[in-house]
Amino acid sequence: MPNILEVKDATIRFGGLTAVDHVSLHHTGQEILSLIGPNGAGKTTFFNLLTGMYMLDEGSITFMGQDISKAKPHERVRAGIARTFQNIRLFSELTVLENLMLAHPACNQERLLPAILMGKGLRASRKRVVEDCEAILEAVGLQDLEGHMSTSLPYGKQRLLEIARALATDPKLVLLDEPGAGMNNVEKDELTAVIHHMTHKMNKHVLLIEHDMRFIMNISDRIVVLDYGKNIAEGVPEEIQNNQDVIEAYLGKTKFFEEMDELEHPHGQAPDGSGGR
Ligand SMILES: Nc1ncnc2c1ncn2[C@@H]1O[C@H](COP(=O)(O)OP(=O)(O)O)[C@@H](O)[C@H]1O
Ligand SMILES: [Mg+2]
């Protein structure tokens, strides 16, 4: 099987700063791939290059066999790339279901939008959009909340709604930018289940950015590590945890070590049984 995504030497500069510096990576389509790295490493910028929010200064992006390096953002959405944002961006004046309907391809035509949202005419189209969106809400476990205002949802559910909205565009590749940020452990377990469901039941290809090491090591089939815009390591979770360059990249960034420690000694147990540092 050819790779669904092939990025070669992706590079973008902001003035003197090379935020993404000759990064190459691929997604086989058969894996959950994660992108990690310290704050400011260039992860979100890399997503912005994939979605066309920023254009490459150098390099190329091939998606499902097509060179999309110069494609506009809406063309990449149509080609099947969807994303969520690091900060939640929902339409606060709309319900859960309406937030999804807006993202549905059938609503992307201005002509259809008011009719579909207001329910005027075009009943068949509206019915199909509603059914599609309800199926997605069910897949992420939000089916009982479709009539609620999006911002009335608990934080973890708003994050799932963001994913649902990305799914409503009918993508092949879903880019998740820190989907677990601010979630508690129960919500993170729900998120893990949703990502597995997307991958194994809905045939979506997932590329995600995350900070939570336990979550990342658990869910990823393969991990790519960025530091100062450069790809410094790539491998299965165990290789990444033991990679010297990765450990050094995170030096002084205590969160990584706290979380690594937590991975090795769950429940706050130090190796000597004393309960921690
Ligand atoms: N539009 C921009 N203009 C200038 N600098 C930017 C812009 N976007 C990102 N950067 C810089 O690029 C670097 C990488 O940022 P980012 O991709 O957000 O990092 P990460 O998501 O890994 O934390 C940072 O130094 C950031 O300040
Ligand atoms: Mg970021």
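This is a predicted model: local features need pLDDT of at least 70, side-chain atom pairs count only at pLDDT 80 or more; totals for chains, interfaces and linings use all residues.

Start with one pair of residues: Glu6 has His26 in E2 as its bridge partner.

**The antiparallel sheet**

- Strand E1 (residues 5–14) and E2 run antiparallel and are joined by 7 bridges.
- The two strands E1 and E2 make a hairpin with 2 residues between them, and Gly15 in that turn has a positive phi of about 60°.
- E1 also pairs with strand E4 (residues 58–63), again in the antiparallel sense, over 5 bridges.

**The mixed sheet**

- Here 6 strands form an open sheet, ordered E6-E7-E8-E3-E9-E10, and the pairing is mixed.
- Strand E6 (81–83) and strand E10 (230–235) are the edge strands; each has a single partner strand, so one side of each is left without a neighbour in the sheet.
- Ignoring direction, neighbouring strands of this sheet are turned by 20° against each other on average.
- Strand E7 (residues 173–177) and strand E8 (residues 205–209) pair in the parallel sense over 5 bridges, and Leu173 stands opposite His205 in E8.
- H1 turns up here as well: it packs on the sheet, touching strand E3 (32–36), E6, E7, E8 and strand E9 (222–227). The direction of H1 makes about 150° with that of E7.
- Helix H7 (residues 185–200) lies across E3, E7 and E8, running at about 145° to E8.

**The ligand shell**

- Which residues are around ligand 1? They are Phe14, Leu17, Ala19, Gly37, Asn39, Gly40, Ala41, Gly42, Lys43, Thr44 and Thr45.
- Strand E2 (17–27) and helix H1 (43–51) each supply at least two residues of that shell.
- H1 gives the most, with 3 residues.
- Sorted by class, the shell around ligand 1 has 4 nonpolar, 6 polar and 1 charged residues.

- *H5 with H6:* helix H5 (residues 123–139) and helix H6 (residues 155–168) pack at an angle of about 140°, with their axes 9 Å apart. H5 and H6 are therefore oblique to each other, and H5 passes H6 in a right-handed crossing.
- Cys133, Ile136 and Leu137 of H5 make this contact with Ala164, Leu167 and Ala168 of H6. The contact of H5 with H6 has 6 nonpolar, no polar and no charged residues.
- *H3 with H5:* the axes of helix H3 (residues 96–103) and H5 come within 9 Å and cross at roughly 115°, in a right-handed crossing.
- On the H3 side, Val96, Leu97, Leu100 and Met101 meet Val129, Cys133, Ile136 and Leu137 in H5. The contact of H3 with H5 divides into 8 nonpolar, no polar and no charged residues.
- *H3 with H6:* these axes come within 7 Å and cross at roughly 30°, and H3 passes H6 in a right-handed crossing.
- Val96, Asn99, Leu100 and Ala103 in H3 meet Leu161, Ala164, Arg165 and Ala168 in H6. What classes do the residues of the contact of H3 with H6 fall into? They divide into 6 nonpolar, 1 polar and 1 charged.

Key: Residues are numbered from 1 along each chain as its sequence is written. Chains are lettered from A and ligands numbered from 1 in the order in which they are written. Axes are lines fitted to C-alpha atoms, for helices over the stretch in contact, and angles run from 0 to 180 degrees between N-to-C directions. Helices (H or I, at least four residues) and strands (E, at least two) are DSSP runs, numbered from the N terminus. Angles under 35 degrees count as roughly parallel, over 145 as roughly antiparallel, 65 to 115 as roughly perpendicular and the rest as oblique. A crossing is left-handed if the near helix is turned anticlockwise from the far one by less than a right angle, and right-handed if clockwise. Two residues are in contact if their C-beta atoms, placed from the backbone, lie within 7 Å. Ala, Val, Leu, Ile, Met, Phe, Trp, Tyr, Cys and Pro count as nonpolar, Asp, Glu, Lys and Arg as charged, and the others, Gly among them, as polar. A residue is near a molecule or strand if its C-beta atom, placed from the backbone, lies within 6 Å of it. Two strands pair if DSSP finds at least two bridges between them.
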